[in-house]
Protein chains: 2
Amino acid sequence: MAEQSLIFPRAEYQTRLHQLQIQMEEDGLAVLLLTTPADIFYVTGFLTRFWESPARPWFVVIPAKGDPVAVIPSIGADLMGRTWMTDIRTWTAPNPYDDGISLLADTITALSPQHSRIGVPMGPETHLRMPLADYAELSHQIGARHMADATHTVQRVREIKSAAEVAKIRASCAIAARAFDRVPDFARAGQGLDAVFRAFQIALLQEGADWVSYVAGGAGPGGYGDVISPARQTPLQPGDILMLDTGAVRDGYFCDFDRNYSIGPANDTAKHMHRTLWHATEHALQTLRPDMRAADAHRLMADVITREGFAPAQGRLGHGLGVALTEWPSFTPQDQTVLRDGMVLTLEPGIFGAGGVGMVHEENILLTQRGPELLSPRAPKDLPEI
Amino acid sequence: MAEQSLIFPRAEYQTRLHQLQIQMEEDGLAVLLLTTPADIFYVTGFLTRFWESPARPWFVVIPAKGDPVAVIPSIGADLMGRTWMTDIRTWTAPNPYDDGISLLADTITALSPQHSRIGVPMGPETHLRMPLADYAELSHQIGARHMADATHTVQRVREIKSAAEVAKIRASCAIAARAFDRVPDFARAGQGLDAVFRAFQIALLQEGADWVSYVAGGAGPGGYGDVISPARQTPLQPGDILMLDTGAVRDGYFCDFDRNYSIGPANDTAKHMHRTLWHATEHALQTLRPDMRAADAHRLMADVITREGFAPAQGRLGHGLGVALTEWPSFTPQDQTVLRDGMVLTLEPGIFGAGGVGMVHEENILLTQRGPELLSPRAPKDLPEI
């Protein structure tokens, strides 16, 4: 059981813990309670696909000082024991009468004074991964302490990626890039989109993905609208624009970028849309800087799209990226999150086309003081033809 | 936009709705609010991997009478519009100031009287997939209504699978079975376990999985302990027992079963463990009946394991299966859920071996009045040797 499975050197986790504890102090939190795969992986290095089962809750408790405590089902003790975590408390789960709640309450109360604030992420882009009734019971059992929103605490730390994290995301991007290069080998007229999606997932695994958490895309004559549907069996036709988008995972880190292809010659509008999205991305690559806001990133890209006579896609035009497929901030007109040196982000300009015939393009970047540094290889300016 | 993507005939969804509304009336709920991928897919047929992004909440509201209402980000309108749903209300998400909450509150209040109970699943094996702060705001906006636990409401309906659902699970099992048959082609001494996991995922896709939401396993001399870790690069050795377990997905339905293999000849203890688990499963296949409890299923299998001189694995020895990798009930000594005709379940006896060298075996069944009907092809009694 001694073999460790750290993914990063221990010092990386100690730095993360230290930064979270500084932020906790600023935010007035005595303890931070984490429940989601991304937050728990970030703090502990505990990486498993077992999260796919909703049956069991998992908890990590971070005190104001000292090491974090894992409060987890016994089935995870072995794997957690191979991370850098040393204080691991387990119960036999699932237990319909007390699924770790009394153990968790005891842990929290021992680590925090009366009347203190227990941080739980409650804000945008978060959720609580435990039964709501158990959360109410926990709130009751911790007595005079009370739950407080820790969204800011977690996000300000997780959003700045270390060099080691950037290297992991770059590796995932490289895997996807090699798979995208092979798309012309398996996507052609007459092929069903479902077969293309399967072949693309196979290519991602062959190129080194540990698993493929996300593949999406679209295809249609001159463009596409819906980009979140499962692939239909409809065969690709000449003139179709095919888009594939992936969140492939290696060592727990995601990429999230896409590529467009024309099946046979594209019409002029499709070519124009692709060049417009390429230029919108290029504009952001040239001008985005720390201290701008998420809303500024939206404006930079939307302006180029509008200037070319198209309507920007509704919703966001990019977002954070790392231990989850999508992280905050969201490049929308509303999001005032300050962009910071060390953020990993996606630039994802989209065109909302007439009759649902649009297009979307996406690259992954590291934001630095000198501007964005590409983590995904740059897409070609002109729509490639298969 | 007219092309439908129903997965099942419309009547299937109407039956589900009807059953939920009967249960809602019994449980005194004026409205049922659903937020998770499995619950929303079950009611609507809305199937997408877009759930991988935690950025946006999605809601389905079921009134006491009449059709359900989807309250969703506009990016999902196209796909939801191709399901059987007709009342689809959208907002442009993510919106950090009001991420659908006022639209959702308006929908709920229009569909329910004052002082009524709004059902939300809060119990074991559930979670709320929306920000906790938004849930508090929603509870405030719905005024004199109050939130009530709808775990029972949802579980009593979802746990009984229709013939159409059983056919889907059987199809996913058949895909996995074909992939398991190919394991001897790519798993052999000297091969890293990580390469085996990749090859197995590729085989699952080649055999027809839409995507592979779960692959786990273990390998070690004479058996294994941890079954939730990502695969390490350690090469397989003669004498190792290799286990692969998968939740492959086709049309939104999961399988969840495993197979064991010996790399070269197995030692006598490993052979004995495998036969013991096979007999434990066989005993449940022969004797499990509706009206037994989940705890009875645990006892049936644990007794065989104990009689053969082994210790049963901690935690559960099987569970429900369907639109999620694992569903309730859990075969533990505590779970008193009544087993019912039409449940799809896994039989998953495990041995907790000395020094962490154990073994686990799993099959998928449909429970009927005549007893279990296998959905996965039966594993061989004797541990197969590669």
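**Figure 1. Pro329(B) in strand β12 of chain B.** In this predicted model, Pro329(B) is found in strand β12 (residues 327–330) of chain B; helices (H or I, at least four residues) and strands (E, at least two) are DSSP runs, numbered from the N terminus. The peptide bond that leads from Trp328(B) into Pro329(B) is cis, with omega near -10°. Because this is a predicted model, local features need pLDDT of at least 70 and side-chain atom pairs count only at pLDDT 80 or more, whereas totals for chains, interfaces and linings use all residues; side-chain values use heavy atoms, with hydrogens and water left out. Residues are numbered from 1 along each chain as its sequence is written, and chains are lettered from A and ligands numbered from 1 in the order in which they are written.

Figure 2. Pro94(A) lies in the loop between β4 (87–91) and α4 (101–111) of chain A. Ala93(A) and Pro94(A) are joined by a cis peptide bond, for which omega is about -5°. A further view shows Ile7(A), located in the segment before α1 of chain A. Although Ile7(A) is not a glycine, its phi is positive, at about 70°.

**Figure 3. The hairpin of β16(A) and β17(A).** Strand β16 (residues 363–368) and strand β17 (residues 371–374) of chain A run antiparallel and are joined by four bridges; two strands pair if DSSP finds at least two bridges between them. Two residues separate β16(A) from β17(A) in this hairpin. Ile365(A) has Leu374(A), in β17(A), as its bridge partner.

Figure 4. Domain 1 (10–158) and domain 2 (163–374) of chain A have bounds that come from an automatic or database domain assignment. Their C-alpha centres lie 33 Å apart. The contact (heavy atoms within 4.5 Å) takes 11 residues from domain 1 of chain A and 15 residues from domain 2 of chain A. Between them the two domains bury about 1300 Å², 56% of it on carbon and sulfur atoms; buried area is the accessible area (1.4 Å probe) that two parts lose on being put together, summed over both. Arg49(A), Glu125(A) and Arg158(A) supply 40% of the area that domain 1 of chain A buries against domain 2 of chain A, more than any other three residues.

Figure 5. Three salt bridges cross the interface of domain 1 and domain 2 of chain A, each being a side-chain nitrogen of Lys or Arg within 4 Å of a carboxyl oxygen of Asp or Glu. The side chains of Arg158(A) and Glu327(A) form a salt bridge at 3.1 Å, N to O. On the side of domain 1 of chain A that touches domain 2 of chain A, the elements that give two or more residues are α1 (10–27), α2 (37–44) and α6 (151–158) of chain A. The residues of this side comprise four nonpolar, one polar and six charged. For these classes, Ala, Val, Leu, Ile, Met, Phe, Trp, Tyr, Cys and Pro count as nonpolar, Asp, Glu, Lys and Arg as charged, and the others, Gly among them, as polar.

**Figure 6. The interface of chain B and chain A.** In this interface, 72 residues of chain B are in contact with 72 residues of chain A. Chain B and chain A bury about 5900 Å² between them, with 57% of it on carbon and sulfur atoms. Arg49(B), Leu132(B) and Ile228(B) supply 12% of the area that chain B buries against chain A, more than any other three residues. Four salt bridges are counted between chain B and chain A. Arg198(A) forms a salt bridge with Asp210(B), in which the closest N and O atoms are 2.7 Å apart. On the side of chain B that touches chain A, α3 (77–81), α5 (132–141), α9 (193–206) and β7 (211–221) of chain B each supply at least two residues.
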